[in-house]
Amino acid sequence: MTDFALADLPVAVIGSGPVGLAAAAQLVRRGIRPLVLEVGSSVAAAVAEWGHIGLFSPWKYNIDVAARSLLAPTGWQEPDGEHLPTGDELIRDYLFPLAETDGLRDAILTDTRVVAVSRVGLDRTGTAQRESTPFLVRTQNSDGTTADFQVRAVIDASGTWESPNPIGQSGLAAPGEVEARRSGFVTSPLPDVTGRDREHFAGRRTLVVGGGHSAANTLLALAELRAEVPGTRIGWVLRRADPASVYGGEDQDGLPARGALGARLRRLVEDGAIDVHASTTITGFAADGGGTVAAETGGESVTLHADRVVPATGFRPDLGFLREIRLDLDPVVEAPQQLGPLIDPEYHSCGTVPPHGARVLGHPEPNFYIVGMKSYGRAPTFLMYTGYEQVRSVVAAIVGDHEAAARVELVLPETGVCSADIGSSCDAPANRPGFVDLAAADVPDAVGATGAADVAGAPDAADSVDVAGVPDAGGCCGPAEPVVIGIPTGTEHGRSGESGNG
C-alpha cells in the first residue's frame, strides 16, 4: 500500500473513556478520521460501573482542551469548575455529549471488543515493509461475529477495568477464587452498596479486601448501609499491619473530599463498626461456593466468614490481544520501557512523574501507542490530565508534527497523593499508602474494546487510590500554572529515589 493510501485510513482508538475520547478529539482536530472501538454497550461503559463514586478532583481538571473545542459549537454548558462530579455526572455532562458531537458521533462502534492487533499479511516476525503496512484490528461483536479493520495507527486507551488483580497472594489467584468470582461470591470492584447492589449486602456479612481508597469507599458505603440495616456486618482484610496509612492526609489533605474520606474511615475503625483483619492474606475459597474464606495471619491459618467478598486489590493490563505487536515493556510494571522506571510504585510519587508523550510511550512497532491508565501497567498512580497530554503528543507524532509531539504542554505538581485503581484514566480509588486520589479514567481511559477503563489500574502489591487531575495547558497557549493537589512528599521519582511511598 502506498503512503498516500495509508494516510487515507483512519486511526483506531481502543476504548471510549475520558482518555480514549480525548484521543479521538485530538484526531478530529488534526483532520484525521478516528475509529473508536468500545467493548461496552455505550461509551465509557467502565466508568458507568463506578458511576456512584465521586471524583476527588473538580470539573476544571477533568475536561480535555480538544474535547472542549468539539463541544463548544453544540451549545454545551460546561459544568461548574469547582464542583466534584461523580462518575455518572462525568458521563452525563461530558462524555456522552462529547460522543454525540459531529466529529465523533459516527466514529464510535460500541459492543465491539478488540481481540487482536497485527499488521496486514504480517505477524510479529515479519519485518519487510512493516512500517508502510496497515494495521489489522480484529474485533468481535456482542453477537459473536468478527470483523477486521485496516487502520494507519493504533492508540490503545482500553484501560484495565476488566483485568483486576487476584485476591490471592504472590500475584496469583487463590484456590477457588476463579469459581468464587464466577458465582458472585466475590463481587466486582466498587459495587454500588447503597444503590443498585444493595440487596447483596443489606443484613449480610461482607469482607472488603484491599488497602486503598477503593476499599475505603466501599467500607464507608457499607457503614452507611449498616446504619440503616443493623444486621449488616463489615470486615476489612489488608496485607499491611496498620490501616492508618489508608487514612491519608485527613484534615491536612489538599483535596478536602479525599481527606474527609480518610477521617471518616478512621472513626469507623476506632468505633468498632469495622472488624479489621490486618497482616492477613487470602489463601483459598470454599470449593462449594459457601461463605468461608481461608486466610493466613502472622503465619497462622484462620477461617473468615462472609456472604460477599469485595475485591479492592487493583488492576493489571490486558496484553493478550497485542501478542502480534512488537512491544517494549518494563519488566517490573509492564509499562512502556522508558516510562516504567518513573512510575515504579516502590519508589515514585505520582506528582514527580514528568509530563510525557510519544517519545516515552513509543514501542518498536511504529505508530502503535498505549496511553491512559493502561500505559502505567501495574503501577497504581495515574492522572487523567497526564493521559490528555499523552494523546495530544501521540496524535501529533502520528501526523508527523514532531515539534508538537516533543513539546510539553502540561505542568504537574508534586502531589505525592494521586493514584487510581479503577483500571482506567479517570478518577479512581488507589492502592498505595501515600497515594490517594480518584480523578482519572482509562477507570481503567475509561472503557475500551478490551473492556478496560481509563480511570486507573493498580498493582496487587498494595491496593488502589484515586487520581487527581491537573489543568491542561490549553493547546498552544503555553504551559498551565502548576496546581498543588494533595500533599507534597518530596519523594524522588524513579528507581533512583528512596524506596517507600513518602
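**Exercise 1.** Which strand gives the largest share of the lining of the second largest cavity?

*Solution.* Keep in mind that this is a predicted model. Start with the space itself: the second largest cavity has a volume of about 50 Å³. Now to the strand: E11 (residues 280-285) provides the largest share of the lining, three residues. To finish, sort the lining by type: five residues are nonpolar, five polar and two charged.

**Exercise 2.** Find the residues that touch the most other members of the largest nonpolar core.

*Solution.* This core holds 67 residues, and Tyr94, Ile155, Ile343 and Val371 are those with the most contacts to other members. Helix H11 (residues 384-398) contributes the most to the core, nine residues. Another core lies apart from it, with 25 residues, including Phe201 and Ile274.

**Exercise 3.** Classify the aromatic pair of Trp59 and Tyr94, and decide whether each residue is buried or exposed.

*Solution.* Second, the positions: Trp59 sits in the loop between helix H3 (45-49) and helix H4 (65-71), while Tyr94 belongs to helix H5 (residues 87-99), 35 residues apart. Third, the burial: buried means under 20% relative accessible area. Trp59, at 1%, is therefore buried, and Tyr94, at 0%, is buried too.

Note on methods:
Residues are numbered from 1 along each chain as its sequence is written. This is a predicted model: local features need pLDDT of at least 70, side-chain atom pairs count only at pLDDT 80 or more; totals for chains, interfaces and linings use all residues. Side-chain values use heavy atoms; hydrogens and water are left out. On a 1 Å grid over the protein atoms alone, a cavity is a set of points where a 1.4 Å probe fits but cannot get out, and a pocket is an open set with protein on both sides within 12 Å along at least five of seven lines; lining residues have an atom within 4 Å of a point. Grid points are joined across faces, edges and corners, and a volume is the space filled by probe spheres set on the points. Helices (H or I, at least four residues) and strands (E, at least two) are DSSP runs, numbered from the N terminus. Ala, Val, Leu, Ile, Met, Phe, Trp, Tyr, Cys and Pro count as nonpolar, Asp, Glu, Lys and Arg as charged, and the others, Gly among them, as polar. A nonpolar core is a set of buried Ala, Val, Leu, Ile, Met, Phe, Trp, Tyr and Cys residues joined through side-chain atoms within 4.5 Å. Buried means under 20% relative accessible area, exposed over 50%, partly exposed in between (1.4 Å probe, protein chains only).
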